[in-house]
Amino acid sequence: MNPVIKILGIDPGIGRCGFAVLEQDKKNIRLLEAGCIVTKSGNPEPARLLEIQTDLQIIIQKWKPQTMAVESLFFISNQKTAISVAQARGAVLVTAAAAGLKILDITPLQVKMSVTGYGKADKKQIQTMIVKLLNLKKLPKPDDAADAVAVAWAGIGRSGRNF
């Protein structure tokens, strides 16, 4: 008997933190929810990080995933942006650890390879494949939510489950 597996994919960001929950039952994978945790740019950074943590706790309580796949940081030319994204990623990781989730660090290359089979795929190719792989009528919006779906998909492939 194959249990139902749920994985939460995260595309970390301070202004918009994309999330997606996928469920795998035997060979079927379906999207349960995708969206963004949006924080107000005028708020102090600690308040924004707390909002990410609080909203993420609600998502975890709602869907009860076993695993969280989080996109790792890649090169960002703007140092201030890199620090904010890293802080948001830290809030995400602490929230996952507190919830007892298995945490998978997913690189952008792993996302591209898992979704398209091509390590140099662009965003449009990844989005097109996500729609096809999950048999969606339309791509989740905004892009951060779609990116989180791709991270979750890559996470299923890396979590030791076969589909």
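1. In this predicted model, the buried residues of α2 are covered by several parts of the chain, including β1 (5-11), β2 (16-25), α1 (45-63), β4 (67-71) and β5 (102-106). The residues of α2 that count as buried are S84, V85, A88, R89, A91, V92, T95 and A96. Because their directions cover an arc of only 155 degrees around the axis, they lie on the same side of α2. On the other side of the helix, Q79, K80, V94 and A98 are exposed.

2. The length of α2 can be checked as well: helix α2 runs over residues 79-98, and its 20 residues, at 1.5 Å a residue, should span 28 Å, which agrees with the 28 Å that separate its end C-alpha atoms. After α2 comes G100, which has a positive phi near 75 degrees. As to confidence, α2 has the lowest mean pLDDT among the elements of the chain, at 92, whereas α1 has the highest, at 98.

3. For the chain, the average pLDDT is 93, and 94% of the residues score at least 70.

4. The chain holds five helices and five strands, and from the N terminus on its elements follow the order β-β-β-α-β-α-β-α-α-α. The radius of gyration is 15 Å, close to the 15 Å that the globule rule gives for 163 residues, so the chain is as compact as a globular protein of that length. Along the principal axes, the C-alpha atoms fill a box of roughly 45 × 35 × 25 Å.

5. Of the 163 residues in the chain, 44% are buried. Among the contacts between residues at least 6 apart in sequence, 59% join residues that are at least 24 apart. The accessible surface amounts to about 8,800 Å², and carbon and sulfur atoms account for 54% of that surface.

6. Which residues of helix α4 (residues 123-133) are buried? They are I126, Q127 and I130, and because they cover an arc of only 100 degrees around the axis, they are placed on the same side of α4. These buried residues pack against α3 (108-116) and α5 (143-158), while the face of α4 turned away from them carries the exposed residues K124 and K132.

7. Helix α5 contains A154, which counts as buried because its relative accessibility is 1%, under the 20% cut-off. Leaving aside residues up to four places away in sequence, A154 touches I106, Q110, V111 and S114. The C-alpha atoms of A154 and I7 are 10 Å apart, although 147 residues separate the two along the chain.

8. The peptide bond that joins K141 and P142 is cis, with omega at about -5 degrees. N135 has a positive phi of about 55 degrees although it is not a glycine, and with a relative accessible area of 70% N135 is exposed.

9. Where does K26 lie? K26 is in the loop between β2 and β3 (28-38), and its phi is positive, at about 60 degrees, although K26 is not a glycine. Its relative accessible area is 55%, and K26 is therefore exposed.

Terms used: Residues numbered from 1 in each chain as written. Predicted model: local features only at pLDDT ≥ 70, side-chain atom pairs only at ≥ 80, totals over all residues. Heavy atoms only, no water. Helix = DSSP H or I, 4+ residues; strand = E, 2+ residues; numbered from the N terminus. Expected span 1.5 Å × (residues − 1). Buried < 20%, exposed > 50% of the residue type's maximum accessible area, 1.4 Å probe, protein only. Arc of directions from axis to C-beta. Contact = heavy atoms within 4.5 Å. pLDDT = per-residue confidence, 0-100. Rg over C-alpha atoms; globule rule 2.2 N^0.38 Å. Areas by Shrake-Rupley, 256 points an atom, 1.4 Å probe, with all protein chains shown as cover.
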